[in-house]
Amino acid sequence: MWEVQDVRLDPSTRRVWRGADEVVLSRKEFDLVHALISRAGEIVTRDELMREVWHTSFWSSSKTIDVHLGWVRRKLGDDTRRPTLITTIRGRGLRFEVSTPVHGRASV
């Protein structure tokens with residue numbers, strides 16, 4: 001069981017909860033969240049996600065990750081404009097945040 005912020009993910013049953021509410025994810029959405037939450041706090045590159053989630057080393061579409069990420073953010077109730085769970089690190093990848101980021105402040 002992985003638990004970060006108020007998201008719990010059980011890889012054995014492939015179930016996800018946000019707080020007390022279960023969140024129903026498609027197979028790829030679950031795999032995407034699992035790939036990110038299992039390395040919470042670390043930047044996961046898009047190449048790593050394509051290999052781990054889509055099992056390919058080539059990009060079938062540059063928007064594949066973005067589309068699935070949008071669905072995941074909506075289902076988890078993460079504001080797509082100011083996400084607090086999964087953030088995009090421009091030019092590097094995605095990160096599942098271990099705590100809620102403070103927007104508008106410079107990181108130290």
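Visitor: Where is Leu 69 found?

Guide: Leu 69 sits in helix H3. Keep in mind that this is a predicted model.

Visitor: Is Leu 69 buried or exposed?

Guide: Leu 69 counts as buried, because its relative accessibility is 3%. The cut-off for buried is under 20%.

Visitor: And what does Leu 69 touch?

Guide: Leave out residues up to four places away in sequence. Leu 69 then touches Leu 32, Ile 86, Thr 88 and Leu 94.

Visitor: How far apart are the C-alpha atoms of Leu 69 and Thr 80?

Guide: They are separated by 9.2 Å. Along the chain, Leu 69 and Thr 80 are eleven residues apart.

Visitor: Let's zoom out. How many helices and strands does the protein have?

Guide: Three helices and six strands. The order from the N terminus is β-β-β-β-α-α-α-β-β.

Visitor: What share of the protein is buried residues?

Guide: Of the 108 residues, 40% are buried. For contacts between residues at least 6 apart in sequence, 41% join residues at least 24 apart.

Visitor: Back to helices. At what angle do H1 and H3 cross?

Guide: Roughly 85 degrees. Their axes come within 10 Å. That angle makes H1 roughly perpendicular to H3.

Visitor: Which residues make that contact between H1 and H3?

Guide: H1 brings Lys 28, Glu 29, Leu 32 and Val 33. H3 brings His 68, Leu 69, Trp 71, Val 72 and Lys 75. By class, five residues of the contact of H1 with H3 are nonpolar, one is polar and three are charged.

Visitor: At what angle do H2 and H3 pack?

Guide: About 75 degrees, with the axes 11 Å apart. H2 is therefore roughly perpendicular to H3.

Visitor: Which residues in H2 and H3 meet?

Guide: From H2, Arg 46, Leu 49, Met 50 and Trp 54. From H3, Thr 64, Ile 65, Asp 66 and His 68. The residues of the contact of H2 with H3 split into four nonpolar, two polar and two charged.

Visitor: That leaves one pair. At what angle do H1 and H2 pack?

Guide: About 130 degrees, with their axes 9 Å apart. H1 and H2 are therefore oblique to each other. H1 passes H2 in a right-handed crossing.

Visitor: Which residues of H1 and H2 make the contact?

Guide: Lys 28, Asp 31, Leu 32, Ala 35 and Leu 36 come from H1. Leu 49, Glu 52, Val 53 and Trp 54 come from H2. In the contact of H1 with H2, six residues are nonpolar, none is polar and three are charged.

Visitor: How many residues of H1 are buried?

Guide: Nine of its eleven residues, so H1 is mostly covered. Among the buried residues of H1 are Phe 30, Val 33 and Ile 37. Lys 28, Glu 29 and Asp 31 of H1 are buried too.

Visitor: Now the core. How many residues does the largest nonpolar core have?

Guide: It has 25 residues. Those with the most contacts inside it are Val 16, Leu 36, Leu 49, Ile 86, Leu 94 and Phe 96.

Visitor: Which elements give two or more residues to this core?

Guide: Strand E2, strand E6 and the helices H1, H2 and H3. H1 gives the most, with six residues. In soluble globular proteins, nonpolar side chains tend to be buried together.

Visitor: What is Leu 36 in contact with?

Guide: Set aside its neighbours within four places in sequence. Leu 36 then contacts Val 44, Leu 49, Ile 86, Leu 94 and Phe 96.

Visitor: New topic. Where is Arg 39 found?

Guide: In the loop between H1 and H2. Arg 39 counts as buried, because its relative accessibility is 18%.

Visitor: What does Arg 39 touch?

Guide: Val 44, Glu 48 and Glu 52, not counting residues up to four places away in sequence. Arg 39 and Phe 96 are 57 residues apart in sequence, but 7.4 Å apart in space, C-alpha to C-alpha.

Visitor: Last one. What is phi of Gln 5?

Guide: Near 50 degrees, a positive value in a residue other than glycine. Gln 5 lies in the loop between strand E1 and E2. At 25% relative accessibility, Gln 5 counts as partly exposed. Arg 14 also has a positive phi, about 55 degrees, and is not a glycine. The loop between E2 and strand E3 holds Arg 14. At 40% relative accessibility, Arg 14 counts as partly exposed.

Note on methods
Residues are numbered from 1 along each chain as its sequence is written. This is a predicted model: local features need pLDDT of at least 70, side-chain atom pairs count only at pLDDT 80 or more; totals for chains, interfaces and linings use all residues. Side-chain values use heavy atoms; hydrogens and water are left out. Axes are lines fitted to C-alpha atoms, for helices over the stretch in contact, and angles run from 0 to 180 degrees between N-to-C directions. Helices (H or I, at least four residues) and strands (E, at least two) are DSSP runs, numbered from the N terminus. Angles under 35 degrees count as roughly parallel, over 145 as roughly antiparallel, 65 to 115 as roughly perpendicular and the rest as oblique. Contact means heavy atoms within 4.5 Å. Ala, Val, Leu, Ile, Met, Phe, Trp, Tyr, Cys and Pro count as nonpolar, Asp, Glu, Lys and Arg as charged, and the others, Gly among them, as polar. Buried means under 20% relative accessible area, exposed over 50%, partly exposed in between (1.4 Å probe, protein chains only). A nonpolar core is a set of buried Ala, Val, Leu, Ile, Met, Phe, Trp, Tyr and Cys residues joined through side-chain atoms within 4.5 Å. A crossing is left-handed if the near helix is turned anticlockwise from the far one by less than a right angle, and right-handed if clockwise.
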